[in-house]
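Dear colleague,

Here is the structure I promised to pass on. My notes on what was found in it follow below.

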Amino acid sequence: MKKLIPLLCCAASAVSAVEMYPTGYTQPGQWFLDSIKETVAARESFYRTRLDKLDPASQRPELAEDFHRTLEEHFVANREEDAVIEKALKWKKGDFTWHNNRFYSKTGCTSWFIHPELSVTGAAMLQKNRDYTGQNLISARLFRAMPGRYKVLTVGDLWSSGAGAVMNEKGLMITQNDGLCWEGQPRKVSVGCVFLLRYLAEHCATADDALKTLQKMYACGFMRDGDLYFIADPGKGYVVETTTNHVAFSGITFGFEVRANNYLLPGLRSLGKQKREYFLNGASRRYLASEFLRERSIKQGKLSPLDLMDLSRYRDVEMEKANWRQVCMKNTIASTMMVPDRQYPQYLSAAFVSIGPPRHTIYLPIPMAATAIPADLTNGEWGLRAFALREKIGLDHNKLADFKKLENSMTGEFFAVKEQARKLLCSGKRQDAVALLDKCFIKQYNQAKNFLKKISE
């Protein structure tokens, strides 16, 4: 199922071969087992210990049984997938499902949506900065878990089968932020939002489809305490705010929108935890991001992926000294920018992914058409190198110009290749278009890897 392929080198020092994970699977759970196999020996005990701490083994069977009834009513195929993973890991029945929805329930942080009229591509763009402590195995996965599901590109924690940010082959994009509320108590037996993001992307083609499905999920009464979502496709977007009992949403009809962790929509605004420090910290990040986007759009007219890369790294050191949270912080561990294509989303859409702290790694374009993905983008190794670089050169280093120079070059090349592939697709030459995008992807992967190796020396 896996293969070694030669890398298309842009530098003489490049390694000659790399393990690749396929993007299409036919066996339940195999996509996940492939991605974690190299970390089982070193990491499994950490997750088992955390699971036992959250819910002792004597309590889990009863709780898991309640949860499985929910899964088997609404997500039968996913329950079967979890059972395969549990068996392969030799975990007790229900333990992986419980781990996946208790240990991995939210992804938090800051997201921003760019309306098509403001995007240089003519299609919406959606980006998420992920902030977290205690987890540094970051995985970018591109896969079709089973025939009949949409192919998805996800970025999240390696040992979670959910998604922190996700885009599918139809150009549907979804992010989630924490939304703390005072209404009711968090449900112990609940579906984690990272699970829900992936489920929506694998089964919904449009933002409208995903919004309706999300509303149904919350109406079933098994979702968590409170969350904020962006749900978008190439042509439109929604901001959605939820509690255990209420869902509010608003269509985004022009410009841009930014969210951190505060409820802002009518009806939900009064349900958020509005202590001054909490509210102002969220407002600070939202204001910083909004001001950045406003100034760029006034100056340029349109916003590009390069602008959004700059935003993801944006810091105001003086504000940070005053304890205001930033767009990019010391605990920002990944960033995902989703750039769909209106005409051929299943081939020409791409995610520009920072696997690891965005100030310490390269934004790599991953095209939806890719037929395989290098293992170290998926198994956590790429992100670990970025964390090591952060420790070496610090958060506010002077090397960003070098990062941006390479990203400018790679982004220009990617969009040029994308237009070449579009011409091939318009001529009916699908295989040639896919081969061209694959070649560009591996070449740029190699460029980024060599750059990061050199800058770390």
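In strand E6 of this predicted model, Leu-153 is the bridge partner of Leu-142. The two strands concerned, E5 and E6 (residues 152–157), run antiparallel and are joined by 6 bridges. E5 is mostly covered, with 6 of its 6 residues buried. From E5, Ile-138, Ala-140 and Leu-142 point one way, while Ser-139, Arg-141 and Phe-143 point the other way; all are buried.

Both strands belong to an open sheet of 7 strands, in the order E5-E6-E7-E8-E9-E10-E11, with antiparallel pairing. Its edge strands are E5 (138–143) and E11 (247–252), each of which pairs on one side only. From one strand to the next, the twist averages 15°.

Further along that sheet, strand E9 (residues 226–233) and strand E10 (residues 236–243) run antiparallel and are joined by 8 bridges. Within this pair, Tyr-238 in E10 stands opposite Ile-231. Helix H7 (residues 207–219) packs on the sheet and touches E9, E10 and E11. The direction of H7 makes about 10° with that of E10.

There is also an open sheet of 6 strands, again with antiparallel pairing, in the order E12-E3-E4-E13-E14-E15. Here the edge strands are E12 (256–259) and E15 (364–367), and each pairs on one side only. The twist averages 15° from one strand to the next. Strand E3 (residues 110–114) pairs with strand E4 (residues 125–131) in the antiparallel sense, over 5 bridges. The bridge partner of Thr-110 is Asn-129, in E4. H8 packs on this sheet, where it touches E3, E4 and E12, and its direction makes about 160° with that of E12.

Is Ser-297 buried or exposed? Its relative accessible area is 14%, so with the cut-off for buried at under 20%, Ser-297 counts as buried. Leaving aside its neighbours within four places in sequence, Ser-297 is in contact with Leu-118, Lys-302 and Leu-303.

Now the helices. Helix H4 (residues 76–89) packs with helix H5 (residues 95–102) at an angle of about 110°, and their axes are 8 Å apart. H4 is therefore roughly perpendicular to H5, because angles of 65 to 115 degrees are counted that way. On the H4 side, the contact is made by Arg-79, Asp-82, Ile-85, Glu-86 and Leu-89; these meet Asp-95, Phe-96 and Thr-97 in H5. By type, the residues of this contact divide into 3 nonpolar, 1 polar and 4 charged.

Helix H3 (residues 60–74) has 15 residues, which at 1.5 Å a residue should span 21 Å. Which residues of H3 are buried? They are Arg-60, Leu-63, Ala-64, Phe-67, His-68, Thr-70 and Leu-71. These buried residues pack against helix H2 (40–54), H4, H5 and helix H6 (193–203).

Regards

Methods. Residues are numbered from 1 along each chain as its sequence is written. This is a predicted model: local features need pLDDT of at least 70, side-chain atom pairs count only at pLDDT 80 or more; totals for chains, interfaces and linings use all residues. Side-chain values use heavy atoms; hydrogens and water are left out. Axes are lines fitted to C-alpha atoms, for helices over the stretch in contact, and angles run from 0 to 180 degrees between N-to-C directions. Helices (H or I, at least four residues) and strands (E, at least two) are DSSP runs, numbered from the N terminus. Angles under 35 degrees count as roughly parallel, over 145 as roughly antiparallel, 65 to 115 as roughly perpendicular and the rest as oblique. Contact means heavy atoms within 4.5 Å. Ala, Val, Leu, Ile, Met, Phe, Trp, Tyr, Cys and Pro count as nonpolar, Asp, Glu, Lys and Arg as charged, and the others, Gly among them, as polar. The expected span of a helix is 1.5 Å times one less than its number of residues. Buried means under 20% relative accessible area, exposed over 50%, partly exposed in between (1.4 Å probe, protein chains only). Two strands pair if DSSP finds at least two bridges between them.
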